[in-house]
Amino acid sequence: MLAESLALSAVLFVIGVVGVLTRRNAIIIFMCVELMLNAVNLTFVAFSRVYGAAGQVFVVFVMTVAAAEAAVGLAIIIAIFRHRQTVNLQNINLMKG
Amino acid sequence: MSLPYPLLYLFVFYFFGVVAIASALTFVTRKSPVAAALWLVNTMFALSAEYVLLDAQFIGVMQVLVYAGAIMVVFLFVIMLLNLGHPSEIADQRGLWPRLAAGAIGLILIAEIMVIGGGKVAGKYQVPLGFAADQMQKYGAVGTVARPLFNEYLLAFELTSVLLLVAIAGAVVLGRRRDGRAG
């Protein structure tokens, strides 16, 4: 089932990439990043069946980093929303050249 | 395919694969952030089923507990805290050009997958067939993950705890109001 799992993971990753590129709501972009992390996790699990359990250990690490990233990222989004009353990235262009 | 899988296994595997892809597509096309978050939860449940089918029961449970249970609840909490439930002007898509660029990048990535798809995994590092199931028999679903985690990867594990501490401190600092009042 390795090839099938990798194909599924790749399709999910592409959907996440397309979501990041097409959406403007910061929270939805964040969720697309989570979807990409999930796709990578599926790759790790599929390979861990062939190469030993280290892949599953990495999934645990990825989940921890995802949790930390969600906590900090959402705190940033709340701070931005307090400041500008929007999470639409079209209106948050301070760093745009 | 390396093993002759039973038909039911294949059916369940493909079923949850289709569910995951369909939910993910629905997720990126929803206007309302709440609906999008709930479709993402659906994707994560389908992925958890795939983990169980791939002999990673512990990871499957963690997926439901941590991702669907904790991370997505934080997302929904923030969406509702910011009162973003109205899909009116908050979640619209970008213009034509970014969409075309996204479609092109998606097609390129899928083309790459098609090209690379024919490659075989390096046989040198492969564990023998049934190794994962054997480990599972010997140490159980949790022990299979816990043994390498607390032996070879102990330092990384400890560093992860530091990362979580920093994340907690960062979230608290960022979430604080500037005028000095609490919360």
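Residues are numbered from 1 along each chain as its sequence is written, and chains are lettered from A and ligands numbered from 1 in the order in which they are written. In this predicted model, local features need pLDDT of at least 70 and side-chain atom pairs count only at pLDDT 80 or more, while totals for chains, interfaces and linings use all residues.

The predictor assigns the complex an ipTM of 0.90 and a pTM of 0.84.

**Chain B**

Chain B has six helices and zero strands, in the order α-α-α-α-α-α along the sequence. Helices (H or I, at least four residues) and strands (E, at least two) are DSSP runs, numbered from the N terminus. Of its 183 residues, 25% count as buried. A residue is buried if 20 or more other C-beta atoms lie within 10 Å of its own, exposed if 12 or fewer, and partly exposed in between, with C-beta atoms placed from the backbone. Among contacts in chain B between residues at least 6 apart in sequence, 54% join residues at least 24 apart; two residues are in contact if their C-beta atoms, placed from the backbone, lie within 7 Å.

**The interface**

In total, 70 residues of chain B are in contact with 60 residues of chain A. On the chain B side, α1, α2 (33-53), α3 (57-81), α4 (96-116), α5 (131-150) and α6 (154-175) each supply at least two residues. That side divides into 54 nonpolar, 11 polar and five charged residues. Here Ala, Val, Leu, Ile, Met, Phe, Trp, Tyr, Cys and Pro count as nonpolar, Asp, Glu, Lys and Arg as charged, and the others, Gly among them, as polar.

Helix α1 (residues 2-22) of chain A and helix α1 (residues 7-29) of chain B have axes that come within 9 Å and cross at roughly 5°. The two helices are therefore roughly parallel to each other, a term for angles under 35 degrees. Residues making the contact include A:Leu8, A:Leu12 and A:Ile15 of α1(A) and B:Phe13, B:Gly17 and B:Ile21 of α1(B). By type, the residues of this contact are 11 nonpolar, two polar and one charged.

**The core**

The largest nonpolar core has 63 residues, of which A:Leu12, A:Ile27, A:Met31, A:Val45 and B:Leu40 touch the most other members. Such a core is a set of buried Ala, Val, Leu, Ile, Met, Phe, Trp, Tyr and Cys residues joined through C-beta atoms within 7 Å. Helix α2(A) gives the most to this core, with 12 residues. Beyond residues up to four places away in sequence, B:Leu40 touches A:Met31, A:Glu34, A:Leu35, B:Phe27 and B:Met72.

B:Phe13 lies in helix α1 of chain B, whereas A:Leu89 lies in the segment after α3 of chain A. Leaving aside neighbours within four places in sequence, B:Phe13 is in contact with A:Met1, A:Glu4, B:Glu50 and B:Leu53, and A:Leu89 with A:Arg24 and A:Ala26. The table gives their C-beta neighbour counts.

| Residue | Other C-beta atoms within 10 Å | Class |
|---|---|---|
| B:Phe13 | 19 C-beta atoms | partly exposed |

Key
Axes are lines fitted to C-alpha atoms, for helices over the stretch in contact, and angles run from 0 to 180 degrees between N-to-C directions. Angles under 35 degrees count as roughly parallel, over 145 as roughly antiparallel, 65 to 115 as roughly perpendicular and the rest as oblique.
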